[in-house]
Amino acid sequence: MGTLLLDEPGVQIGNESNLRSIVKDREVKPAKRDVLRDTFKVEPITWKNADWPVVGWMLLMHAGCLAAPFFFSWSGLAVGFVLYWMTGCLGITLCYHRYLAHRSFKLAKPIEFLCHVCGVFALQGSPSIWASTHRVHHARSDKAGDPHSPRDGKWWSHMEWLFLDRVERRDPEFRDRVVPDLMRDPMVKFFDKTFFLWTIALGVALYAIGGMSWLLWGLCVRMVFTYHVTWCVNSATHLWGYRNYETTDDSRNLWWVAVLANGEGWHNNHHAYPRVARAGHKWWEVDVTYGVILLLKACGLAWDVNDDLPDATRRATPKAVA
Ligand SMILES: [Zn+2]
Ligand SMILES: [Zn+2]
């Protein structure tokens with residue numbers, strides 16, 4: 001079966017025409033269903049098509065946040081903060097986003113494993129589901145088929161899109177076409193199968209060590225905070241902020257999202273050059289995740305870091321805003 005190689009080395013996943021040209025070059029048979037356009041069609045959420053496990057989980061976690069002040073402890077807050085950084089920065093930003101979705105660098109196996117563990121602790125879906133959704137976001141950004149564009153509503157892009165049951169997204173055929181590289185990866189396969197169990201184990205461990213305080217602050221509050229930070233990258237940075245590049249989407253650079261999401265707020269830079277490991281392109285655009293990647297590289301634990309800064313990038317050259 002033909003595959004859409006969305007992460008072809010040297011090719012920027014910038015826009016749909018880029019993807020189309022890759023597909024054309026490789027003479028890939030057209031799919032019966034246009035997976036990029038049709039998988040994330042916007043539909044009103046009803047009782048029938050709602051993703052009830054996701055709705056239930058979100059309600060449970062938010063209810064835990066309401067109870068958390070009654071079980072406050074400084075150690076619980078500290079555990080929550082450390083887990084927020086580990087899951088948000090190492091798990092989602094470094095591993096799920098820049099490593100799996102964009103293949104911006106390579107990692108030594110033990111670090112790759114640890115970062116996957118941090119990723120599944122965030123409970124934002126399995127690695128291949130997260131990365132495939134994100135690749136479609138880049139391919140269809142702010143067009144029909146974008147999983148979470150604010151053009152379909154601010155709250156839709158922030159969280160409502162999660163509540164629609166996407167049967168097609170779970171279809172292995174969809175992932176075989178969008179993330180074929182990940183579907184062949186034994187580590188991704190392992191975490192795809194076990195991702196929910198890790199959170200259950202973490203919850204049990206937190207309760208066993210620190211009681212209700214650690215469970216509520218280390219799981220519920222930390223998770224809800226990290227969810228909203230990640231969701232702000234989908235909503236706020238396609239709505240507010242400044243642009244360094246004239247991309248074909250509405251992406252913006254927004255400093256407070258960059259602070260909370262460890263560099264992900266420099267989202268216009270990222271949409272302009274998605275495979276570049278560094279999201280901050282100006283000296284003041286601090287990107288903590290890129291700092292971690294450089295640290296791993298200095299220790300010999302990361303290599304082949306894509307550092308092609310905008311002026312050195314040959315393909316896909318969105319104009320810099322004057
Ligand atoms: Zn975006
Ligand atoms: Zn991205």
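Me: Phe196: buried, exposed or partly exposed?
Reply: Phe196 is partly exposed, at 37% relative accessible area. Buried is under 20%, exposed over 50%, and partly exposed in between (1.4 Å probe, protein chains only). This is a predicted model: local features need pLDDT of at least 70, side-chain atom pairs pLDDT 80 or more, while totals for chains, interfaces and linings use all residues. Residues count from 1 along each chain as written, chains are lettered from A and ligands numbered from 1 in written order, and side-chain values use heavy atoms, without hydrogens or water.

Me: How many aromatic pairs are there?
Reply: There are 17. Phe196 pairs with Trp57: the ring centres are 5.9 Å apart and the planes sit at 75 degrees, so this is edge-to-face. (Phe, Tyr and six-membered Trp rings pair with centres within 6.5 Å; planes under 30 degrees are stacked, over 60 edge-to-face, the rest tilted.)

Me: Where do those two lie?
Reply: Trp57 is in helix α3, residues 52-67, and Phe196 in helix α11, residues 186-234. They are 139 residues apart in sequence, so the pair ties those parts together. (A helix is a DSSP run of H or I, at least four residues, numbered from the N terminus.)

Me: And Trp57, buried or exposed?
Reply: Trp57 is buried, at 16%.

Me: What about Phe72 and Trp217?
Reply: Their centres are 5.5 Å apart and their planes at 85 degrees, so that pair is edge-to-face. Trp217 is buried at 14%; Phe72 is partly exposed at 38%.

Me: Which rings form a cluster?
Reply: Ring pairs link Phe113, Phe121, Phe190, Phe191 and Trp198.

Me: New topic. What sits over the ring of Tyr99?
Reply: The charged end of Arg103, 4.9 Å from the ring centre. (That takes Lys NZ or Arg CZ within 6 Å of the centre and within 35 degrees of the ring normal.)
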